[in-house]
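Hello,

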Amino acid sequence: MKHSQQSKNDAWFLPRPKKHKYKGGMPKYAEEWIIKEAKIILKNSNANVLNLFCGMNQQGFRVDIKNGEVNPDLQCDAHELTKHIGKRRFDIILADPPYSNEESKELYGTPKINYKKWTSEATKVLHNGGLLIVYHKYIMPNPDIKIYRVVKRIFIGTRTYHLPRVAIFFKKFGEQNTKNIYYYINKRKIKRRKK
Ligand SMILES: C[S@@+](CC[C@H](N)C(=O)[O-])C[C@H]1O[C@@H](n2cnc3c(N)ncnc32)[C@H](O)[C@@H]1O
């Protein structure tokens, strides 16, 4: 790896918490700054946002399986997003899912999380050239290397004795770029075989 490739990684240290006490809530400024960063990357200050697994997040079109205090614009299971969202499409998707099945059950009383399934639903409603941002405690894998490439990682610390989070920005390729990535993968395979 080249040293210059590190330029896509950033680190923030943000205060906790937001005023409300929603379980698993993002630190102060995280939602606002992540979306700001995404709009800068896209060079589009009017980019529209889907806030998936929104909890108490405020921006864009908010989707959560829960109602009540969350009060989303659309209440649905992220694994079945396309059944419910109609023709809406987005430039940016910010997703802050539960980090494990235990967390789903214990913190929110929600169904098991299937990363492949919900990311594939998200992909269908994301414009080509758009950003899928996964906010997590693990460095989550690229949902589909034929479709996405990592353009940014932001490591976010909050307080002492707490694990940092990471927001990974996956950029969705247009059709013509898909060919390029196949070319790149094949080239890498050939290089490895030659060694
Ligand atoms: C980590 S919290 C999000 C917290 C939010 N970012 C905040 O700062 O308040 C995860 C959210 O995902 C929701 N959720 C869990 N499983 C879901 C599913 N299958 N589909 C949609 N939302 C789900 C939960 O209700 C919860 O609000």
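Below is what I found in it, going from the overall layout to single residues.

Please keep in mind throughout that this is a predicted model.

**The overall layout**

The protein has 195 residues, and 28% of them count as buried. It contains five helices and eight strands. Reading from the N terminus, the elements follow one another as β-α-β-β-β-α-β-α-α-β-β-β-α. Among contacts between residues at least 6 apart in sequence, 61% link residues that are at least 24 apart.

**The sheet**

How are the strands arranged, and in what order? They form an open sheet of eight strands, ordered β1-β7-β8-β6-β5-β2-β3-β4, and the pairing is mixed. β1 and β4 are at the edges; each has a single partner strand, so one side of each has no neighbour in the sheet.

Strand β1 (residues 9-13) runs parallel to β7, and five bridges join the two. Within β7, Gly157 is the residue opposite Phe13. On to the next pair: β7 and β8 are antiparallel and are joined by eight bridges. There, Lys152 faces Phe169 in β8. Asp64 is opposite Gln75 of β4. As background, strands of a sheet pair through backbone hydrogen bonds, either parallel or antiparallel.

**Helices across the sheet**

α1 lies across β2, β5, β6, β7 and β8, and it runs at about 150° to β7. α4 lies across β2, β5, β6 and β8, at about 145° to β6.

**The nonpolar core**

Which residues touch the most other members of the largest nonpolar core? That core has 35 residues, and the answer is Leu52, Ile93, Leu94, Ala95, Leu132 and Ile133. At least two core residues come from each of α1 (30-42), β2 (49-52), β5 (90-95), α4 (115-124), β6 (126-136), β7 (148-157) and β8 (165-172). β6 gives the most, with six residues. In soluble globular proteins, nonpolar side chains tend to be buried together.

Beyond its neighbours within four places in sequence, Leu94 is in contact with Ile34, Ile35, Val49, Asn51, Leu52, Ile133 and Tyr135.

**Two buried loop residues**

Ala78 sits in the loop between β4 (74-75) and α2 (81-84). Is Ala78 buried or exposed? Ala78 counts as buried because it has 22 C-beta neighbours inside 10 Å. Leaving out residues up to four places away in sequence, Ala78 touches Leu52, Phe53, Val63, Trp118 and Glu121. Ala95 is 17 residues from Ala78 along the chain, and their C-alpha atoms are separated by 9.8 Å.

Val125 is in the loop between α4 and β6. Val125 is buried because 21 other C-beta atoms lie within 10 Å. Not counting residues up to four places away in sequence, Val125 touches Leu50, Leu81, Thr82, Ile85, Arg88, Arg89 and Phe90. Val125 and Gly86 are 39 residues apart in sequence, with 9.4 Å between their C-alpha atoms.

**Two residues with positive phi**

Phe53, in the loop between β2 and β3, has a phi near 55°, a positive value in a residue other than glycine. Lys43, in the loop between α1 and β2, likewise has a positive phi, near 50°, and is not glycine. Their surroundings are worth a look too. Phe53 counts as buried because it has 25 C-beta neighbours inside 10 Å. Lys43 counts as exposed because it has 7 C-beta neighbours inside 10 Å.

Happy browsing, and do write back with any questions.

Best wishes

Note on methods: Residues are numbered from 1 along each chain as its sequence is written. This is a predicted model: local features need pLDDT of at least 70, side-chain atom pairs count only at pLDDT 80 or more; totals for chains, interfaces and linings use all residues. A nonpolar core is a set of buried Ala, Val, Leu, Ile, Met, Phe, Trp, Tyr and Cys residues joined through C-beta atoms within 7 Å. A residue is buried if 20 or more other C-beta atoms lie within 10 Å of its own, exposed if 12 or fewer, and partly exposed in between; C-beta atoms are placed from the backbone. Helices (H or I, at least four residues) and strands (E, at least two) are DSSP runs, numbered from the N terminus. Two residues are in contact if their C-beta atoms, placed from the backbone, lie within 7 Å. Two strands pair if DSSP finds at least two bridges between them. Axes are lines fitted to C-alpha atoms, for helices over the stretch in contact, and angles run from 0 to 180 degrees between N-to-C directions.
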